[in-house]
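Please keep the sequence and the structure in view while reading.

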Amino acid sequence: MRRTIWAFLVLLAAVAGTATAQDGQRAMDDGILAFREGRYADAVRSFEQAADDSTLAAEAHFLLARVFFETDLRDTRRAGREIQQALAIEPDNVQYLVARMQQLRTESKDFFSEKVREQQRVDLARRILKLDSTNAFAHEELGVLYIRDFWRYRNAVTFPKLIYSVGEYRSRTDIDPLSGRLEQQAGDVRANPDEVGWMDILEEQNLLSRFDMGPLDPNVVFMSDQFDTETLEAQGIPVMRLAGRAQAAYDRAIYHLEAALASDPRHRTVYDYMMEIYALKGEWQEALSMLQTMYVFFPDDPDLWTYLGLAHFRGGNVDAAAKAFETSLRFLDPEAQEAYADLSVILSDEDKGAYAAKPAEFASRYWASKDPRYLTPYNERKLEHYARLTIADLLYAAPDVNLRGWQTQRGKILVRYGVPLSDVTIVPRSTSGVNQPSPAEDRSTASNPGGRVSTTLQIARQGSPVDLFEEANTYLVWDYGDFKFVFEDPFRNGEYRLYSPPASAISEGALAWANDYVIQAGETFRAVPDRFDYDLPGRRIELPFLVSALRGQDGQVDLVVNYAVPLSQLPPGSDVINVTARAGLFVIDGNRDVVAERRRTLYGLRTDQVVAFDEANLWVDSEQLSVKPGAADVSVEFETASGETVGVQRRSIEAPDYENGQLAVSDVVLAYRVEESEDGRPVTGADIVRHGLSILPAPWSVFGRNRPIYLYFEVYNLRPGADGMAEYEVEAALVPREGGSGVGRLIRGIFGGGPRGVSVGLPIKVAATDDGQYLILDAANQEPGLYTLKVSVKDRVTGREAERTLDLYLE
């Protein structure tokens with residue numbers, strides 16, 4: 001009988017256990033379904049019930065952690081407790097370890113907390129890789145760690161000490177100019193000692209005390225030295241450069257990030273990190289290879305196309321960059337589209353008003369006026385703007401304060417001026433690992449008998465792998481040559497701001513203006529709103545050119561543009577130099593509109609347009625363009641079809657108004673030849689025809705002494721005499737530019753020996769109020785050098801006079 005009862009009880013327990021297990025699995029299934037359907041409160045109740053089943057507890061706690069971390073029920077503390085319970089049951093579960101690592105990526109309350117979390121994430125990543133050597137999340141975490149090291153060391157230097165100065169360096173403050181801010185942060189910790197256990201750390205590092213630096217150290221760098229690292233180094237300050245460590249950090253970062261993509265090519269954020277470090281190092285070909293993989297998995301991602309635009313543009317493939325940026329504009333969100341279209345950050349205060357009144361119209365004219373090469377189908381200046389916006393958002397975003405890169409101070413300055421000529425990070429000795437505090441020899445206590453040091457305290461003591469306070473007085477210096485900017489990150493949130501001395505330094509007598517980069521930046525923005533120095537691709541050639549303004553029709557001004565292409569050698573016995581090229585002339589008026597242009601494709605350069613000089617051969621060409629009177633810029637462009645040879649020259653000119661009724665003489669057109677034109681046709685392709693004359697203009701003011709100097713000019717608004725004829729006198733005089741002392745000129749004037757020269761003049765009578773004429777000067781007997789040419793005209797009827805002067809050189 002007892003055996004029967006015992007067997008019945010065993011059977012009953014088994015049935016109950018099976019029912020309990022079935023209830024737990026049913027609760028788990030219900031929770032998963034509720035999670036998928038967005039019924040998160042129901043999911044919590046189901047997972048809590050499933051957690052009572054020991055076989056499901058770990059997974060139930062993990063899923064609870066997900067609910068409280070990923071959904072509208074977000075509770076990071078509860079999520080942390082749930083994942084810790086899951087890990088207590090299954091400590092080597094990689095999925096749970098990854099979840100905990102991701103939880104530790106959330107925004108930290110302060111700088112100290114972030115450093116501790118960073119160390120915890122690194123420890124977890126290394127632990128995960130011991131369990132799963134291909135885990136993408138762990139490789140990503142370590143890749144990010146080494147990117148940060150690369151940021152720190154790539155252009156870093158360290159000084160022995162940084163202090164403020166008063167008068168002749170007679171007084172000083174703490175070694176750490178930001179110590180006041182650390183004390184304030186420490187005060188916040190002291191007020192909430194139970195929330196964050198920082199007091200032991202602060203006391204261990206003696207961070208709350210201020211100390212006397214003792215006798216003045218000759219190696220001290222004073223804040224009034226204005227962060228000038230080169231000058232300080234030249235003066236003997238022991239500046240240590242830390243860039244040698246950057247390559248090791250770069251190699252490790254790339255290794256881990258490539259491993260992450262190899263494990264999971266759909267791991268989206270890894271592409272951002274890889275693009276970040278490639279951009280920092282300028283490895284654009286490697287970036288393009290990586291972006292090919294990104295294109296396979298994320299073809300519609302706007303960042304893909306801005307990254308492609310950036311990599312192609314910096315790599316020199318401007319055509320591909322233009323297409324990539326154009327594509328990106330179709331995928332960008334409204335906020336990014338507005339940023340890419342906004343010009344306000346690069347405009348002067350004067351232009352901002354006009355831009356605000358008519359944004360689209362102003363932007364069109366602005367970009368047209370800034371285009372460095374009108375011959376190309378794209379605007380290189382606009383592409384540079386897009387590239388700068390992309391770099392700014394990639395490198396200088398501050399997600400902790402919800403700022404895109406172009407909204408931060410560093411980002412705005414980069415968009416204005418581009419990448420600085422020099423980018424230096426100044427760090428204290430502790431950051432570099434020099435004079436690092438040693439680990440405690442014996443830290444055994446009653447509560448810690450083994451003397452084991454917590455992760456938090458280890459960071460504070462040893463700075464391994466990061467020093468808790470290493471960035472406490474770190475400065476970022478951007479030098480653009482004629483101006484510079486210095487940044488600091490006092491709140492440790494990644495939002496660097498322009499450095500300004502604290503009130504304590506000013507109260508002690510430091511000259512605030514010497515290092516107040518908030519004030520200096522404002523002055524720089526007003527004086528230099530933006531900067532763009534275009535580097536031509538291929539072999540750059542200089543294009544000599546001259547512009548002469550002549551009277552046109554209907555109140556217009558005819559601009560005669562004569563330009564030349566230097567030739568290294570001429571093919572013997574050939575009428576044509578076998579080269580295909582494009583040439584263009586463009587006129588941009590004061591409203592930034594392109595008001596006139598000429599484009600030509602040249603299938604060979606004719607040798608009858610070549611003029612030989614002692615040092616070079618010039619292939620010359622000319623064009624006429626009609627514009628309204630006023631200020632304008634003239635751009636001359638030439639490029640071979642292969643793109644191997646490129647020339648771009650620009651010059652500001654003033655097109656006179658010849659319609660005021662006053663006697664006027666046009667600009668003087670220097671020429672190599674002037675002769676009568678048959679049927680109004682030019683003698684060669686480089687000639688222009690004016691008043692029945694075919695003129696071969698000179699592209700520069702250089703003439704050989706053995707070559708006659710032709711001067712073409714026009715006279716306007718002559719007064720006819722009683723016989724209906726206009727009469728005027730013209731004289732052209734070429735004299736050496738006067739030099740030497742005033743006494744020397746006085747002696748020459750008294751005793752002779754004045755400057756030599758040559759002149760020619762004649763009276764002219766015409767049956768018109770306007771006339772076009774030419775003169776020939778023979779400079780064979782003149783010495784080589786710089787001369788002044790003056791063409792004077794006198795109306796014999798009215799007695800009025802007009803003249804033009806210009807300089808030329810005889811070789």
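The dialogue begins with the whole protein and then turns to particular strands, a helix and aromatic rings.

Q: What kind of model is this, and how many helices and strands are there in the protein?
A: This is a predicted model. The protein has 26 helices and 28 strands.

Q: What share of the contacts in the protein joins residues 24 or more positions apart?
A: Among contacts with a separation of 6 or more, residues 24 or more positions apart account for 67%.

Q: How is a sheet read, and what is the order of the open sheet that contains E16?
A: Strands of a sheet pair through backbone hydrogen bonds, either parallel or antiparallel. In this case 5 strands form an open sheet in the order E9-E17-E16-E12-E13, with mixed pairing. Strand E9 (539-540) and strand E13 (594-606) are the edge strands, each pairing on one side only.

Q: Which strands are joined to E16 by bridges, and in which sense do they run?
A: Strand E17 (residues 645-655) is joined to E16 by 10 bridges, and the two run antiparallel. Strand E12 (residues 576-589) is joined to E16 by 9 bridges, and this pair also runs antiparallel. Glutamate 639 in E16 illustrates both pairings: it stands opposite arginine 582 and opposite valine 646 in E17. The hairpin of E16 and E17 has 4 residues between the strands, and there glycine 643 takes a positive phi near 80 degrees.

Q: Is E16 mostly covered or mostly uncovered?
A: E16 is mostly covered, since 9 of its 11 residues are buried.

Q: Where does serine 635 lie, and which side chains does its side chain meet in polar contacts?
A: In a regular strand the side chains alternate between the two faces of the sheet. Serine 635 lies in strand E16 (residues 630-640). Serine 635 counts as buried because its relative accessibility is 0%. Its side chain makes a polar contact of 3.4 Å with the side chain of glutamate 637. A further polar contact, of 3.1 Å, joins the side chains of serine 635 and arginine 650. Arginine 650 in E17 also stands opposite serine 635. Leaving aside neighbours within four places in sequence, the contacts of serine 635 include Tyr374, Gly584, Phe586 and Val648.

Q: What is the order of the sheet of 4 strands, and how is it paired?
A: This open sheet has the order E10-E11-E15-E14, and its pairing is antiparallel. Its edge strands are strand E10 (545-551) and strand E14 (610-612), each of which pairs on one side only. Neighbouring strands of this sheet are turned by 30 degrees against each other on average, direction ignored. Strand E11 (residues 557-567) and strand E15 (residues 617-627) pair over 11 bridges. Within this pairing, tyrosine 563 stands opposite aspartate 621 in E15.

Q: Why is helix H12 described as largely enclosed?
A: Helix H12 (residues 268-281) is largely enclosed by the rest of the structure because 10 of its 14 residues are buried. Among them are Val270, Tyr271, Met274 and Leu280. The buried residues of H12 pack against several helices, including helix H7 (136-153), helix H11 (246-263) and helix H19 (380-396). Glycine 282 follows H12 and has a positive phi near 75 degrees.

Q: How is a pair of aromatic rings read, and how many such pairs are there?
A: A pair of aromatic rings is described by the distance of the centres and the angle of the planes. The count comes to 28 aromatic pairs. The ring centres of tyrosine 271 and phenylalanine 298 are 5.8 Å apart and the planes stand at 75 degrees, so this pair is edge-to-face. Tyrosine 271 belongs to helix H12 and phenylalanine 298 to the loop between H13 and H14, 27 residues apart. Tyrosine 271 is buried at 0% relative accessibility, and phenylalanine 298 is buried at 19%.

Q: Which residues do ring pairs link into a cluster?
A: Ring pairs link Tyr417, Tyr480, Phe483, Phe485 and Phe525 into a cluster.

Technical notes. Residues are numbered from 1 along each chain as its sequence is written. This is a predicted model: local features need pLDDT of at least 70, side-chain atom pairs count only at pLDDT 80 or more; totals for chains, interfaces and linings use all residues. Side-chain values use heavy atoms; hydrogens and water are left out. Contact means heavy atoms within 4.5 Å. Buried means under 20% relative accessible area, exposed over 50%, partly exposed in between (1.4 Å probe, protein chains only). A polar contact is a pair of N or O atoms within 3.5 Å; within protein, one must be able to donate a hydrogen and the other to accept it, and residues adjacent in sequence count only if both atoms are side-chain atoms. Two strands pair if DSSP finds at least two bridges between them. Axes are lines fitted to C-alpha atoms, for helices over the stretch in contact, and angles run from 0 to 180 degrees between N-to-C directions. Rings of Phe, Tyr and Trp (its six-membered ring) pair if their centres lie within 6.5 Å; planes under 30 degrees apart count as stacked, over 60 as edge-to-face and the rest as tilted.
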